[in-house]
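Colleague: Hi! Could you walk me through this one while I have it open?
Modeller: Happy to, let's take a look together.

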Amino acid sequence: MKISNKRKKKNSKLFVVILIVVLLLGALSGVLFATGKFPLLQKAKISTQSTGVDKNSSDPTVGQQSTKTDTPTTDSTQSTTDKVPVSNSVTAKITELTQRNNQVLFTATISGTATNGTCVITFSNPNDKPVVKTVASTVKDGVVMCGELQIPTLEFSYIGTWSVDLRFYIDNQQATASDKIDIR
């Protein structure tokens, strides 16, 4: 009888250790899932990608990954920093900024030019790292556009109001537009 009691105690201890390990793995998975960092949820983001840009940097292109669109930029040497002067003739207007179906939708139109440029869209909130998208503009029916971006809401880990700043760069000048969106 002593042998079977020892075996039962040993099996009970093994069961408790296994149960604790499973619970810890479950808790870790829950935390990773809640923060959007669960490895099985990571999808390849081809059209856009979030970057961890230094909040204190005045250069919106720091740490960005450029994305490809159908129409490339025409001037590969143009500068895309906030030091580029604001254009008197080119203007930018955010025409769509909504949240729908777990996506943030962004579109802007550019007036005063028919030439492609570079669009840098920065979503910022003091409680989170910025979400920055850099794309080449496109021309549709003679209208220069930035975006038609669909950004997964998982890239915005803070729920609340975000500032949105658009900078359109062309011929070493820029046009800007700003707005706000509530991420829910």
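Predicted model: local features only at pLDDT ≥ 70, side-chain atom pairs only at ≥ 80, totals over all residues.

Colleague: Where does Ile-20 sit?
Modeller: You'll find Ile-20 in helix α1, which covers residues 2-34.

Colleague: Nice. Switching to the inside: how many residues are in the largest nonpolar core?
Modeller: That core has 27 residues, and Phe-106, Ile-121, Phe-123, Leu-166 and Phe-168 have the most contacts inside it.

Colleague: Which strands supply at least two residues each?
Modeller: Those are β1 (91-100), β2 (103-111), β3 (118-125), β4, β6 (143-152), β7 (160-170) and β8 (173-183). The largest share, 5 residues, comes from β7.

Colleague: You mentioned Leu-166. What does Leu-166 touch, leaving out residues up to four places away in sequence?
Modeller: Quite a list! Among them are Ala-92, Ile-94, Phe-106, Ala-108, Ile-121, Cys-146 and Ala-177.

Colleague: One last stop: Val-132. Buried or exposed?
Modeller: Val-132 is buried, since its relative accessible area is 4% and buried means under 20%. Val-132 lies in strand β4, residues 128-136.

Colleague: How far is Val-132 from Thr-122 in space?
Modeller: Their C-alpha atoms are 4.5 Å apart, with the two residues 10 apart in sequence.

Note on methods. Residues numbered from 1 in each chain as written. Heavy atoms only, no water. Helix = DSSP H or I, 4+ residues; strand = E, 2+ residues; numbered from the N terminus. Buried < 20%, exposed > 50% of the residue type's maximum accessible area, 1.4 Å probe, protein only. Core = buried A, V, L, I, M, F, W, Y, C linked by side-chain atoms within 4.5 Å. Contact = heavy atoms within 4.5 Å.
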